[in-house]
Amino acid sequence: MNIFIPIETTHREMLYKTFFCHFLAKKGFKCFLGSKHNINYLINNESDFLYLDKGYHLIQSDKLYKKIKKNNGTIVSLDEEGAIDFVDGSTLQKRYSKNLFKNSATTFMWGVEQYNLVKKNFYNSNKVFITGHPRFELLKSNYHFLYKREAKEINERFGKFNLINTNMGFGNNILGDEFVIRNYKERYKKIKNIIKSDKAKLDLMVGFALKLAESSNRNIIFRPHPEENQNYYKKVFKDHRNIHVVYEGSVFPWILASEFLVHPDCTTAIECLISGKMPLSLMPKNINQDFVTHLPLKASTCFDSSDDLVSFILNEKVEKTVKNKLKTINRFFSVELDSNESIAQILLDLSIEKRIFPKKLSFKTRTGLKLKLIKSFIFPVRFSNELSKQKLSGLDLDKIQLISKRIKKNQKDFDNIKIKKLNEFLYSFSSND
């Protein structure tokens with residue numbers, strides 16, 4: 001049961017996908033985790049495999065699905081962006097389109113709300129399952145051991161601090177506004193308005209950070225979205241020693257280590273809430289609600305004034321409504337389910353149905369990967385742009401093995417899982433049982 005698992009944004013995906021690969025390998029799968037470029041190489045050269053799709057995009061996904069099916073691959077959908085959307089649900093309708101359900105042998109939905117929103121697009125409802133998502137499964141208290149070491153190291157570096165997470169990838173993109181318009185205009189008809197909305201959030205969050213920094217000596221960690229231009233923030237905050245623009249590792253250790261998490265309308269609010277902490281949202285008062293993702297706001301204590309939020313933080317008020325907020329988001333995130341177990345069992349059943357069994361990569365593929373790996377030692381991997389480079393930073397064997405060591409220390413069932421580097425940004429996970 002070979003399963004190909006692409007990874008696009010290391011800091012968001014690597015920890016949970018490394019854990020999920022351990023989990024699947026224990027069940028008998030051979031997992032191949034790597035960059036989209038590497039996974040595409042496997043798709044083009046192998047046959048009879050499962051492909052764990054991370055999100056449908058018109059045209060690009062259709063071309064990819066055609067290649068997969070040509071080599072008798074089976075498409076399984078587990079969307080990375082399966083809950084957060086604008087108020088009209090337009091993004092999810094596109095990601096969970098009729099084309100997706102027609103091509104996917106199985107689709108995993110984050111929650112009942114999304115299921116109901118797109119069910120008119122189903123090709124076969126018996127192949128659609130509400131499971132939640134492994135990314136959020138690992139935020140629950142019984143998995144906090146995965147993050148405690150990093151959280152402790154963060155506190156040793158910065159002491160008590162407030163965390164600001166942003167999501168202005170459209171308004172402050174590392175490749176600029178023209179790239180955003182060119183790249184996203186087919187997916188978002190009002191992309192220029194979305195950029196304008198993002199820039200309003202940008203101005204408010206920067207102003208808030210400066211005001212908080214001037215009101216307190218406490219450190220502020222400003223963590224941009226992976227698509228954002230970090231240098232913009234570094235330039236704006238260069239005269240404030242207690243503001244640190246940092247984009248390192250998974251966001252979750254930073255959430256655990258922080259006193260407060262502040263965001264506009266970012267998915268990290270959900271992560272914060274599931275961890276047991278109350279997130280704080282700051283949004284412009286008159287922002288166009290059509291371009292706001294409202295679910296993170298439902299998970300948060302909300303503000304539209306920098307002054308009010310600064311006062312709240314300095315007075316260290318604590319909201320005790322986490323349980324009630326969790327009930328609100330459960331219909332979107334299925335936090336009461338065990339996502340890893342649910343998805344793994346369905347994948348096992350699908351593998352038996354499709355007669356997909358574990359097998360070695362072909363001699364041609366293995367030889368090609370060895371040559372690519374040798375070449376990477378001589379000539380560093382070249383990226384198409386700075387955005388791609390930024391997203392894949394940190395996807396290396398040492399960090400994966402560090403995560404694996406921590407997993408095995410607390411989960412003895414995974415002691416026999418073997419990890420192998422096949423190429424730069426491509427790794428296999430298998431059980432020795």
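First, a word on what you are looking at. This is a predicted model, in which local features need pLDDT of at least 70 and side-chain atom pairs count only at pLDDT 80 or more, while totals for chains, interfaces and linings use all residues. Residues are numbered from 1 along each chain as its sequence is written, and side-chain values use heavy atoms, with hydrogens and water left out.

Let us start with the whole chain. Its secondary structure comes to 20 helices and 14 strands (DSSP runs numbered from the N terminus, with H or I over at least four residues for helices and E over at least two for strands). The radius of gyration, taken over C-alpha atoms, is 22 Å, close to the 22 Å that the globule rule gives for 433 residues, so the chain is as compact as a globular protein of that length. That rule is 2.2 Å times the number of residues to the power 0.38. Along its principal axes, the C-alpha trace spans about 65 × 45 × 40 Å. Of the 433 residues, 57% are buried, meaning under 20% relative accessible area with a 1.4 Å probe and protein chains only, whereas exposed means over 50%.

Now find helix α16, residues 322–333. Its buried residues are Val322, Lys325, Ile329, Asn330, Phe332 and Phe333. Seen down the helix axis, these buried residues fall within an arc of 155°, so they line one face of α16; the arc is that of the directions from the axis to the C-beta atoms. On the face turned away from the buried side you will find the exposed residues Lys323, Asn324 and Lys327. The cover over the buried residues of α16 includes α6 (112–118), α7 (134–137), α13 (268–275) and α14 (295–298). Just after α16, serine 334 takes a positive phi of about 50°.

Back to phenylalanine 252, then. This residue is buried, with a relative accessible area of 1%. Leaving aside neighbours within four places in sequence, phenylalanine 252 is in contact (heavy atoms within 4.5 Å) with Leu139, His144, Tyr147, Glu271 and Ser275. To place it against another landmark, phenylalanine 252 and leucine 337 are 85 residues apart in sequence and 20 Å apart in space, C-alpha to C-alpha.
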